[in-house]
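Please look over the sequence and the model below.

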Amino acid sequence: NGLTDVGAGKDITSSLLPGPSYFNNVGHFTGAMLSTNDTRTYDIRTYLNIMYEILPHLQVSTNTSYDYTADQEDTFTPALANSDQPKVYGFTGRKNNLYNRSALNYNNTFNEKHSIYAAAFSEATISQLQTKVINLENAPNDYYHGPLGFNTFYSSVTGIPVAGGFSEVHSVALAANLSYDYEKKYVVNLNYRADGNSYSGVKERWAKSPSVGFRYNFNKEKFLEDKKWLDFGDIRFSYGINLRPTTDIYASLGWYDVAGNYNGVTRISPHLGLMPNPYLKPEKVEQFNYGLDMSIFNGRIGLTLDAYTKTVYNMLYTRPLSTSTGFSSTYTNDASLYNYGYEVSVTFRPFKTTSKVNWTINLNTAINRDVLLSLPGGATQILSDDETVMNRVGYGALSNYLYVTQGVYRTDD
């Protein structure tokens, strides 16, 4: 028998017979040589931009784009490459994104001294993604590729994958900004933006972000106009609040799992890992910044100074839950952090800008500190599982502690 390398007599073998082709098979080689794969990708992209000047200096515009991508894959793996079980794998996925931005802009200069720029705009986005997988094993032979019935014992996931198989996000934004400068010496910027999206907590849909900035270009002063050594110099101040989502739709609304059958009826139950929290808020960052920028001697020396304070509210925190709830944990917004610091940057260029040699030296230094303002559940401190890192209100976010040895016992008494 050339397959098993056994001769006519019992337990008699011969080395003259052909080698056993089945047992000499290498799955990776067979899979690479005999597997069939058909992969296709279709991509459609469209873009439309319309702009119209209603009045002098006043324009209205709208930009719309649509992207559609479809992916398909069919793969057949023979039995020799998959533990004696022919395998059929199919993948179908599609994703699309619709985006629109409509704006109203006004830009004008009066008496060559006053410049104004104002804009109001809206943004809307709809993103959809859906994938399906067919993963069937133990087909009858290497020549029949389907259709096949689903075998729960051999086959794996068929349908929409649990992780990343389906998503749909809707978002909308409304914003306005105003900029004014007087002879390019005094500059003021005002901004406001409100973002709403479908994956925020159902009780906190909108994230509102106002900001204001001021810049004083002192090199524009008349008593400095004849100072050739000064390239530019400014003093600036800014204040803003930035709200950013830190979770997804599952954290606020949860999801359901198909949990088998009971009496011939499919059971659908809540996913008991993470308890949804409909009151989740976006993370709020409030920041003040003070700065100085200056360049002298035709860019040979540059100086930048920054001082800032930043407070982070509604920080996302995972809180363990009692087993009596049926869930293991949930997300909360109970932590907050205060951060402040100073940063200095000095730039040197030993050679002139007209030199053939370019050499730039940068010196940077910074002092940054942070303080925990609050912890989940009103706790004053939380110790890590290995008892090496402690989060304590009023101290740094990551503080390391060591045991203090008071002494040793001389005797066992």
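Asn-298 is exposed, with a relative accessible area of 52%. The cut-off matters here: a residue is called exposed because its relative accessible area is over 50%. Keep in mind that the model is predicted. Asn-298 sits in the loop that runs between strand S12 (283-296) and strand S13 (301-320). Its backbone angle phi is positive, about 55°, although Asn-298 is not a glycine.

Another loop, the one between strand S3 (87-110) and S4, holds Glu-112. Here too phi has a positive value in a residue other than glycine, near 55°. Is Glu-112 buried or exposed? Glu-112 has a relative accessible area of 77%, so it counts as exposed.

Now turn to the nonpolar side chains at the surface. A nonpolar patch is formed there by Tyr-52, Ile-54, Leu-55, Val-60 and Leu-104. Together these residues have about 470 Å² of accessible area.

Next come the spaces within the protein, starting with a pocket. The second largest pocket contains about 180 Å³ of space. Its lining is made of 17 residues, and those nearest the centre of the pocket are Ser-171, Val-172, Ala-173, Arg-193 and Asp-195. Which strands each supply at least two residues of this lining? They are S4 (114-137), S5 (166-182), S6 (186-197), S7 (206-216) and S8 (230-244). S6 gives the largest share, with 4 residues. By type, the lining of the second largest pocket divides into 8 nonpolar, 6 polar and 3 charged residues.

How many cavities of 30 Å³ or more are counted? The count comes to 1. The volume of the largest cavity is about 70 Å³. Of the 10 residues lining the largest cavity, Ser-200, Pro-245, Thr-247, Lys-281 and Pro-282 are the closest to its centre. The lining of the largest cavity divides into 4 nonpolar, 4 polar and 2 charged residues.

How values were computed. Residues numbered from 1 in each chain as written. Predicted model: local features only at pLDDT ≥ 70, side-chain atom pairs only at ≥ 80, totals over all residues. Heavy atoms only, no water. 1 Å grid on protein atoms, 1.4 Å probe; cavity = no way out; pocket = protein on both sides within 12 Å on 5 of 7 lines; lining within 4 Å. Points joined across faces, edges and corners; volume = space filled by probe spheres on them. Nonpolar A, V, L, I, M, F, W, Y, C, P; charged D, E, K, R; others polar. Patch = residues over 30% accessible without salt bridge, like charges linked within 9 Å, V, L, I, M, F, W, Y side chains within 5 Å. Areas by Shrake-Rupley, 256 points an atom, 1.4 Å probe, with all protein chains shown as cover. Salt bridge = Lys/Arg side-chain N within 4 Å of Asp/Glu carboxyl O. Buried < 20%, exposed > 50% of the residue type's maximum accessible area, 1.4 Å probe, protein only.
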